[in-house]
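Hi,

Could you take a look at this one when you have a moment?

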Amino acid sequence: MLTPELEVKPMATSDKAYTWTAQDFSEAELKTEVFCLRFKTPDIAKNWKEVVSRCQDELEDLKLSEALDDSADVDPEEEVPITTDDNKDQKKPMSMAELAAAQRAVSWECQGCFMRIDNAK
């Protein structure tokens, strides 16, 4: 998720790549990972970084960073509002363990970021 606080840095060994650190939950376990995005040319990389910086400035201007800061203080044991196809009508909050089980389901929806994940593909 792009936030004003996200630090996107040029990769030390390449002028065509940028790195950042973020939380990864792709393997049903929350881990801090370093991500890298490499482009075909340095110009494309520079243009991408400029767009990211502009978006971060706009987020700051819109005061969205305050709302995002509040959501960043989430306790891993705290219940997160997630719905799966099985409990779509219930809108019952789920724990992180239930979230991991939901990820293995055919599809699920995160009520925090409103993303729908279809694992059947």
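A definition to start with: buried means under 20% relative accessible area, exposed means over 50%, and partly exposed is in between (1.4 Å probe, protein chains only). Bear in mind that this is a predicted model, where local features need pLDDT of at least 70, side-chain atom pairs count only at pLDDT 80 or more, and totals for chains, interfaces and linings use all residues. Residues are numbered from 1 along each chain as its sequence is written, and side-chain values use heavy atoms, with hydrogens and water left out.

On to the salt bridges (a side-chain nitrogen of Lys or Arg within 4 Å of a carboxyl oxygen of Asp or Glu). The count by that rule is two.

One of them joins Lys-31 and Glu-33, with 3.7 Å between the closest N and O atoms. Glu-33 is partly exposed at 26% relative accessible area, and Lys-31 is partly exposed too, at 33%.

Lys-9 pairs with Glu-7, again with the closest N and O atoms 3.7 Å apart. Here Lys-9 is partly exposed at 46%, while Glu-7 counts as exposed at 54%.

Lys-49 is buried but has no salt bridge. Its nearest side chain of opposite charge (Lys and Arg count as positive, Asp and Glu as negative; His and chain ends are not counted) is Asp-57, 8.7 Å away. Setting aside neighbours within four places in sequence, Lys-49 is in contact (heavy atoms within 4.5 Å) with Val-8 and Tyr-18.

Cheers
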